Amino acid sequence: MDLADRGQMIVDQLKRYGVEYIVWLPDSETNFINAAMESDPALNIIKCCSEGEALAIVAGLHMGGKGAVVLIENNGLFDAGNALRWVADSRFPLVLLVGYISYRYMTETPEGRIWSDAYWPGVRDLTEPFIKAFDIPYYLIDSDEDTKLIGEAFEEARSRSGPVIALLTSADGYVAGT
Amino acid sequence: MMQRNELLETVQAMTTDEIIVPVMSAIKGWSELPDYFYWCTAMGYGSSVALGLALARPERKVIVLDGDGSLLMNLGSLVTIADLAPPNLIHVVLENGLWELPGSIPIPGRGKASLSEMARAAGIESIHEYDEIGDFKAGLESLLHVEGPTFVSAKVEPGAGAGLPKQTLVGITRRLEEALAAASQA
């Protein structure tokens, strides 16, 4: 399946769970979602200037009764640490879509996937420990089949009354040289 | 120059069903919490929370009581607010030139940088500056009934106020959510 189709699958999941707003900053890893989300008249797409701002806008939308998600990059999640801490402390039941830059550099071996050299080893090594440090559950969306986990993320956010992160990759759609 | 308490008392006296979003030390001085109220403790992000509320609830005015030190941490929000232009958002910045909570530390650019000019350059058209409480009161009376988004610079004296609200962070969040949900069903 074309990666753009996975983007549509993700958008379909978001709408199924009542999302009306996507607040985002552009992310290289998840640009396969752009066409699907921007062409959907049922979605309000809001661009802002920083990832912390995105988290705060989504929190405000949520308190006002609107379904909303952020779509940001893992680098930006690092930058938004204090806002993330506040989202967790406030127990906002939000699903945060986070592009997993550097995940594509994993290499298949008989023993499973291993890390290979990456441009930003810190991004590779710190994304999941960073999220774990905030005690926020997360799901890895690494295939078309995995997109159904976004629904589980919404269910878990509601049941735990707190944020859940969906880490999105395009690793299996990676084309060498891009 | 105004006292913070008299500005907050003025806002409290002149508002009814607006959503009030004080940021950090702007919480000090509320004799009782309005029905639609959210205390933002995410330093810098009050303007963005208020933007989200304004977009979600276009039928209500949203008044954020921001701090100058706080806004400096999220200047991009001025651009986002101007870009989306919610007509129901009033962004009041209490300018005392200090980061008050950690010990009244002067902010960078105190006396030099102009947040009003930054808001104007970001594309916000309705910009107002007040030094005296009477002017602020008259201005707010008008602004509550006109379309925004509106940026208000309010020069205030540094000063302490009453203590912090007794509700928990989660309690304040749920209180606003429930009040808005109930209002929607009424």
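Helices (H or I, at least four residues) and strands (E, at least two) are DSSP runs, numbered from the N terminus. One such helix is H7 of chain B, residues 169-185, and Arg174(B) lies in this helix. The structure is a predicted model, in which local features need pLDDT of at least 70, side-chain atom pairs count only at pLDDT 80 or more, and totals for chains, interfaces and linings use all residues. Residues are numbered from 1 along each chain as its sequence is written, while chains are lettered from A and ligands numbered from 1 in the order in which they are written.

How much of a residue is covered can be judged by counting its neighbours. A residue is buried if 20 or more other C-beta atoms lie within 10 Å of its own, exposed if 12 or fewer, and partly exposed in between, with C-beta atoms placed from the backbone. Arg174(B) has 16 C-beta neighbours inside 10 Å and so counts as partly exposed. From Arg174(B) to Ile124(B) there are 50 residues in sequence and 31 Å in space, C-alpha to C-alpha.

Chain A contains 7 helices and 8 strands. It has 178 residues, of which 46% count as buried. Two residues are in contact if their C-beta atoms, placed from the backbone, lie within 7 Å. Among the contacts in chain A between residues at least 6 apart in sequence, 73% join residues at least 24 apart.

Next come pairs of helices. Two packed helices are described by the angle between their axes and the distance between the axes. Axes are lines fitted to C-alpha atoms, for helices over the stretch in contact, and angles run from 0 to 180 degrees between N-to-C directions. In chain A, the axes of H3 (residues 51-63) and H5 (residues 81-89) come within 8 Å and cross at roughly 25°. Angles under 35 degrees count as roughly parallel, over 145 as roughly antiparallel, 65 to 115 as roughly perpendicular and the rest as oblique. H3(A) and H5(A) are therefore roughly parallel to each other. Their crossing is left-handed, a term used if the near helix is turned anticlockwise from the far one by less than a right angle (right-handed if clockwise). On the H3(A) side the contact is made by Gly52(A), Leu55(A), Ala56(A) and Ala59(A), and on the H5(A) side by Asn82(A), Ala83(A), Leu84(A) and Val87(A). These residues divide into 6 nonpolar, 2 polar and no charged. Here Ala, Val, Leu, Ile, Met, Phe, Trp, Tyr, Cys and Pro count as nonpolar, Asp, Glu, Lys and Arg as charged, and the others, Gly among them, as polar.

Ser47(B), Ser48(B), Leu51(B) and Leu55(B) of H2(B) meet Ser77(B), Thr80(B), Ile81(B) and Leu84(B) of H4(B). By class, the contact of H2(B) with H4(B) has 4 nonpolar, 4 polar and no charged residues.

The two chains also touch each other, with 22 residues of chain A and 28 residues of chain B in the contact. On the side of chain A, the elements that give two or more residues are H3 and H5. H3(A) gives the most, with 9 residues. That side of chain A is made up of 11 nonpolar, 7 polar and 4 charged residues.

A nonpolar core is a set of buried Ala, Val, Leu, Ile, Met, Phe, Trp, Tyr and Cys residues joined through C-beta atoms within 7 Å. The largest one here has 104 residues, and those with the most contacts inside it are Val23(A), Val58(A), Val69(A), Val70(A) and Val21(B). H3(A) supplies the largest share of this core, 8 residues. Leaving aside residues up to four places away in sequence, Val70(A) touches Val23(A), Trp24(A), Ala54(A), Leu55(A), Val58(A), Leu96(A) and Leu97(A).

Some loops have backbone features to look at. Arg91(A), in the loop between H5 and strand S4 (95-99) of chain A, has a positive phi of about 60° although it is not a glycine. Arg91(A) is partly exposed, with 17 other C-beta atoms within 10 Å. Asp135(A) likewise has a positive phi of about 60° without being a glycine, and is exposed, with 9 other C-beta atoms within 10 Å. In chain B, the peptide bond from Gly148(B) to Pro149(B) is cis, with omega near 10°.
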